[in-house]
Amino acid sequence: MSGLDSLEYARHRGVRLVGLVLVMLAALGVVGAVVFDVPLAEVLSDGLETLASIVTPGYVARSMEMAAPITLAAIGGLYAEKSGVFNIGLEGFMIFGAFFAAAATYFVGAGGAVHAWVGIVISVLLTMGLAVLFAVLLIRYKADQIVAGLGVWFIGLGLVPFTAAVIWGSRNSPRLPGVGRLTVPGLSEIPFLGRVVFDQSPLVWLTVLVAVGAWVFLYRTQYGYWIQAAGENPEALDTAGIDVNRVRYATVIFSGGLAGLGGAVLLAHSSSFIGTGQTMVDGRGWLGIVAYLFGNYNPLGAAAAALLFGGVDMLQGQFQTLNIEASSKLLGLLPYVVVIVVLTGWGKTQVPSSVGEPYESEE
Amino acid sequence: MSSADQSGPRSMADRVAGRLLQATVLERLGIALASVTTAILIGLVIVAAAGYNPILFLNNLIVGALGSERILARTLRLSTFFILTGVAVAIAFRAGVFNIGVQGQFVVGGLFCTVSILWTAPFLPTGTVGGIGLMLIGTVAAAVGGGLYGALPGVLKAYADANEIITTIMLNFIAIGVVSWLLTNPLRAEGSTNVQTERLPDYVGLPPIVFGDSGFSVIGLVLTLALVAVVAIAMTRTGIGYDMVTSGYQAGAAVYSGVDAKRTIVATMTFSGAVAGLASAVYVIMFQGRFIEPASIHTYGYDAIAVSLLAANNPLGVLPAGLLFGGLNSSSSYIQTYSDVPVQLIDGIVGIVIVFVAAPELFRMAAKRAGLGGDDR
């Protein structure tokens, strides 16, 4: 990346951050206007008060919990796309991840948190196995990436509820153990931070680790550069003697595994697998794609965007506890609306130039 | 294929379209057949692995699609919906735009159709004449509703460069949520415990001619075939259709020859959405006679993607592909009633069909290895 490019990039990032705040304010403003149905001045003063009562430590903690699966899927997706493969099957891999975690936990014993952890590990391994098949199809057999990705989603939507029905006699699983919260004695007493940081799901911390690690790996290691080169300039990478397709296999398998982990985390944070309708994943894989577009292919940016979606998602429950009259059905649509607003504002992202093209080395 | 245009999904669309266009009709047909056969074989293996009898399942699959007059009517009814939604998808894909939002456009179109008929019925005479008038109003309203809902992501793509794959999927979720809310609250039928609108008047509906009262009318099928013919002609023989297809296959050339790319995108999405709306009009008028909880409507709009891909995005090819999907889904109703194999398997098979359709190379290599074809590509 030349100096000029990075300058431009930095400027974009500044615009992005301002935009992020504006989008959040606009979303809150619209919600406020709808909810209170009073003149704007009053909304502003009342609004600030309400804002304080909405953004409680519990709300922030729950938003992070909600953001974790989206973040994981997003990081996987951005790695694949950085290397030149558009993994549009994230939603499908998340569905498989959630289901594999549920089934594994169920068969391992379903007794406690240990079983939930075992379920998560098995789930990641199995989704990575599926991702291997997907990668072979995309890279070896040059399948159309968009169509095959959609196919993964449909297979998830069909086969997962089928298998759930075979196992449990219903598309939903019975109650399963989660991983619980990690509470640090003493520190968890600190106001606000205590609940957000020291009384939090360990999976949220795992997600933070993954996000930071993914950032360091992508921008500070040799292999990270190879990944970027595979997407930006595969010919150069090939000339340098690195197997482009091998790098792409690695990222696609990694992206499938991370999306699977995202699904497993989603399951561990809820009480059972839900296979009706769009399944419990319910569009979070798609939100993941938008999160990394919005975060401009930067793992930390993607995590921030996911947190925004998580926060919007949790507003619903927050309104209910505050007895604010609003249809939960309509409020539940807010994340999808935010996605459209965000995409409209940030449709142009730095797409790696060789995304979607199968690479064939001239031998 | 030009590699000059590198704008992500758009150029990807160019490549898909290019590849599909390059393939000969015969080759496409072979790949489509191979995809479907392989997917069904995998389905049978899954059935066996889950502990059911695969032979019985295969038998149920065939009997459930063609077994009796009543079943055949159901297959044809479902095929009608798959053909119409499949054509809606094909219009967009052919023009290089990914409209994954047909389900949402279907839901919005169906709501427009139902509400327009319910609201205008008191002002029109009852009986056959009024019925035909109301059906025309409902059909136009459905096309307008679906068209507008399709135009929205088109405008966002053309003028704000928002990726239409994601926006249309989000708009599906939004359409289902909002319409579901409308049917739960202001538009719910009085005294009904179900989430649904009032029934359409009795005189609104298509008379069953060959098959008994089965929610299927030959008139609906004939109108569908007529629409497919109109779309096929419009895509190949008219100026706007020509512009759409050239924009899809050769964006650069289209712009150079004076086609307004942005307006073509919006027009394509509007056209595609309008056809999705028409599909819904047939669904409401011929079959449901009211509008129901949109989350419980079968995902015609999503399956339509598979239908269109199987047909190589050719409006005429959508006919056999739509019939196949009608048969598969008809079987799934049969299997639900007469067998204990969970019906979601059919959706899974549809997904597997899509994956295989995406990878023609797989079958080419398989064919080469098996010594078939012989044409070295």
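Start with the charged pairs: over all chains, the structure holds three salt bridges, a salt bridge being a side-chain nitrogen of Lys or Arg within 4 Å of a carboxyl oxygen of Asp or Glu. Side chains of opposite charge can pair when their charged atoms come close.

Before you click, some ground rules. This is a predicted model, where local features need pLDDT of at least 70 and side-chain atom pairs count only at pLDDT 80 or more, while totals for chains, interfaces and linings use all residues. Residues are numbered from 1 along each chain as its sequence is written, chains are lettered from A and ligands numbered from 1 in the order in which they are written, and side-chain values use heavy atoms, with hydrogens and water left out.

**Stop 1: the salt bridges**

Select A:Arg181 and A:Asp199, whose side chains meet at 3.1 Å, N to O. A:Arg181 sits in the loop between α6 (145–168) and β1 (182–183) of chain A, and A:Asp199 is in strand β2 (residues 199–200), 18 residues apart. Helices (H or I, at least four residues) and strands (E, at least two) are DSSP runs, numbered from the N terminus.

Next, pick A:Arg284 and A:Asp313, a salt bridge at 3.6 Å, N to O. A:Arg284 belongs to helix α12 (residues 284–294) of chain A and A:Asp313 to helix α13 (residues 299–321) of chain A, so the pair ties together parts 29 residues apart in sequence. Both A:Arg284 and A:Asp313 are buried.

Now hop to chain B for B:Glu164 and B:Lys157, which meet at 3.1 Å, N to O. Both of these are buried too.

**Stop 2: where the chains meet**

Show both chains. How many residues of chain A are in contact with chain B? The count is 48, and they touch 49 residues of chain B; contact means heavy atoms within 4.5 Å. About 4400 Å² is buried between the two chains, with carbon and sulfur atoms giving 79%. That buried area is the accessible area (1.4 Å probe) that two parts lose on being put together, summed over both. On the chain A side, highlight A:Tyr141, A:Phe154 and A:Phe162: they lose the most area to chain B, together 15% of what that side buries. Zero salt bridges are found across this interface.

**Stop 3: a covered helix**

Select residues 90–108 of chain A. This is helix α4, with 19 residues, and it reaches 26 Å from its first C-alpha to its last, close to the 27 Å expected (1.5 Å times one less than its number of residues). In α4(A), 16 of the 19 residues are buried. Just past α4(A), A:Gly109 takes a positive phi of about 160°.

**Stop 4: the rings**

Over all chains there are 30 aromatic pairs. Rings of Phe, Tyr and Trp (its six-membered ring) pair if their centres lie within 6.5 Å; planes under 30 degrees apart count as stacked, over 60 as edge-to-face and the rest as tilted. B:Tyr283 is buried at 3% relative accessibility, and B:Tyr300 is buried at 4%.

Last, select A:Phe96, A:Phe99, A:Phe100, A:Tyr106, A:Phe107, A:Trp168 and A:Phe273, which form one aromatic cluster.

Conventions:
Buried means under 20% relative accessible area, exposed over 50%, partly exposed in between (1.4 Å probe, protein chains only).
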